[in-house]
Each structure stands twice: as structure tokens, then as C-alpha cells.
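Q: Please give me a close look at a single part of this structure. Pick one element, and go through its contacts one partner at a time.

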Amino acid sequence: MTKSELIEILSQKQSQLAYKDVELAVKTMLDHMGTTLANGERIEIRGFGSFSLHYRPPRIGRNPKTGDSVELAAKYVPHFKPGKELRERVNESMERVEIQPG
Amino acid sequence: MALTKAVMAERLFEELGLNKREAKEIVEMFFEEIRNALENGQQVKLSGFGNFDLRDKKQRPGRNPKTGEEIPITARRVVTFRPGQKLKARVEAYAGTHQQ
């Protein structure tokens with residue numbers, strides 16, 4: 001499912017809202033989530049999961065073309081921990097449906 | 001303070017002029033439809049944010065960390081999140097101090 005397919009489903013289910021409103025709502029939510037993480041704050045959605053930042057210490061990497069070593073600064077990466085309901089629903093679906101390719 | 005559904009709904013109310021009930025419903029449905037897709041075996045790709053992928057894990061040996069007793073970790077399906085380039089770049093720039 002892509003973002004536009006998600007918008008399509010939501011606008012069918014929220015028929016009192018114009019497609020454009022749903023589209024803007026989805027973009028606003030994703031932007032809000034991205035900004036929250038970029039500010040170093042957590043996202044906690046009960047039954048879905050939580051997003052937080054994980055610290056990656058500085059390390060020496062290599063330029064794969066030249067083999068030269070390069071110092072890579074410490075950074076943060078986004079991390080998602082699925083919530084209980086999502087974990088259970090997905091795990092229970094294993095016997096019912098295959099994972100679709102793509 | 002962490003971002004929650006209530007805070008997201010408040011933003012939609014303030015910025016988009018949805019009424020409070022609509023805003024609350026759309027936030028709820030947004031996460032529910034992602035869960036639905038995943039429990040139907042569909043991976044979810046939200047460009048600019050990231051992908052929620054599914055993986056089937058085989059049974060593997062495990063241990064009860066308290067007792068040391070060996071117990072198998074059963075086969076399971078799990079969700080993994082792969083942040084997109086744009087989100088990774090935004091987060092990488094975060095210069096906050098990390099706590100040990």
C-alpha cells in the first residue's frame with residue numbers, strides 16, 4: 001500500500017471530507033511525525049507503536065571506491081517499536097495470508 | 001513530551017479546520033488502515049517517511065533470561081520500519097546530546 005492508496009481508502013471511508021482534505025490531512029500527519037523526530041522527540045501511538053531516535057556513535061568508515069578511511073560523525077537514526085496490538089494482529093495473520101511481494 | 005494521536009488531531013483541527021470529531025477520526029483511521037494493510041500481508045510505503053515491511057521469522061533457539069532455561073522462540077511474522085532517505089537526513093541533523 002502506498003501513500004496515495006492510503007489516501008484513497010481514507011477518503012472513501014470519510015465521504016464527508018473532500019479528497020483534497022484527506023490528502024492534506026495525511027501529509028500534515030506525516031510531516032508532524034517527521035518534525036517531531038527531527039526535534040529529537042518521541043512518537044507514541046497506543047496499539048500501533050512508538051518511534052524514537054537511536055544514537056550511533058562516531059566511527060571510521062571507508063570510501064568504497066578509493067578505500068580511503070573517513071571519519072563519520074555520530075548521528076541519530078529513527079527507530080520503530082511495534083505496539084502490542086500491531087504485533088499480535090500481524091503475527092496472527094501469518095497462517096492466513098502470504099506476504100505480498102513488492 | 002511525546003507526540004500522540006490527540007496532539008496530531010489537535011494539529012489537524014488548528015491547521016486544516018477539520019472539526020474535532022473529524023480530526024480525531026482521521027488520525028485513528030490513518031493508523032488503523034496501516035495496521036489493516038499489514039495484517040493482510042501488504043507492506044506499506046509512505047514516501048518521504050518510510051516503509052513498514054513484513055518478515056516471517058523461523059523458529060529459533062532462545063533462553064529465558066531470568067532462569068537460563070532453554071525455550072524455543074516460535075516462528076512469527078514481524079513488522080520492521082525502514083525510514084526513508086528524507087526522514088533519515090532530517091533526523092541525522094539532530095544534534096541533541098545523547099544519554100547513556
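A: Axes here are lines fitted to C-alpha atoms, for helices over the stretch in contact, and angles run from 0 to 180 degrees between N-to-C directions. The model is predicted. The part to look at is helix H2 of chain B, residues 20-39.

Start inside chain B. Helix H1(B) covers residues 5-16. The axes of H1(B) and H2(B) come within 8 Å. They cross at roughly 130°. That angle makes H1(B) oblique to H2(B). The crossing of the two is right-handed. From H1(B), the contact takes Lys5(B), Met8(B), Ala9(B), Glu10(B), Leu12(B) and Phe13(B). From H2(B) come Lys20(B), Ala23(B), Lys24(B), Ile26(B), Val27(B), Glu28(B) and Phe31(B). Sorted by class, this contact of H1(B) with H2(B) has eight nonpolar and five charged residues, and no polar ones.

Now cross to chain A. Helix H2(A) spans residues 19-38. Its axis and that of H2(B) come within 11 Å and cross at roughly 75°. Angles of 65 to 115 degrees count as roughly perpendicular. H2(A) and H2(B) are therefore roughly perpendicular to each other. On the chain A side, the residues are Val22(A), Val26(A), Met29(A), Leu30(A) and Met33(A). They meet Ile26(B), Val27(B), Phe30(B) and Phe31(B) of H2(B). The class count for H2(A) with H2(B) is nine nonpolar residues, with no polar and no charged ones. Ile26(B), Val27(B) and Phe31(B) are listed here, and they are also listed in the contact with H1(B).

The next partner is helix H1(A), residues 3-13. H1(A) and H2(B) pack at an angle of about 125°, with their axes 10 Å apart. The two helices are therefore oblique to each other. Their crossing is right-handed. H1(A) brings Leu6(A), Ile9(A), Leu10(A) and Lys13(A) to this contact. H2(B) brings Met29(B), Phe30(B), Glu33(B) and Ile34(B). By class, the contact of H1(A) with H2(B) has six nonpolar, two charged and no polar residues. Phe30(B) is listed here, and Phe30(B) also meets H2(A).

Next, the charges. Glu33(B) forms a salt bridge with Lys13(A). The closest N and O atoms of that pair are 2.9 Å apart. Glu33(B) lies in H2 of chain B and Lys13(A) in H1 of chain A, so the pair joins two chains. A salt bridge between Asp31(A) and Arg90(B) has its closest N and O atoms 3.9 Å apart.

Finally, the setting. The rule finds six salt bridges across the interface of chain A and chain B. Over all chains, a search of the whole structure finds 18. The contact between the chains takes 58 residues from chain A and 56 residues from chain B. Together the two chains bury about 5,500 Å² between them. Of that area, 67% is on carbon and sulfur atoms.

Terms used
Residues are numbered from 1 along each chain as its sequence is written. Chains are lettered from A and ligands numbered from 1 in the order in which they are written. This is a predicted model: local features need pLDDT of at least 70, side-chain atom pairs count only at pLDDT 80 or more; totals for chains, interfaces and linings use all residues. Side-chain values use heavy atoms; hydrogens and water are left out. Helices (H or I, at least four residues) and strands (E, at least two) are DSSP runs, numbered from the N terminus. Angles under 35 degrees count as roughly parallel, over 145 as roughly antiparallel, 65 to 115 as roughly perpendicular and the rest as oblique. A crossing is left-handed if the near helix is turned anticlockwise from the far one by less than a right angle, and right-handed if clockwise. Contact means heavy atoms within 4.5 Å. Ala, Val, Leu, Ile, Met, Phe, Trp, Tyr, Cys and Pro count as nonpolar, Asp, Glu, Lys and Arg as charged, and the others, Gly among them, as polar. Buried area is the accessible area (1.4 Å probe) that two parts lose on being put together, summed over both. A salt bridge is a side-chain nitrogen of Lys or Arg within 4 Å of a carboxyl oxygen of Asp or Glu.
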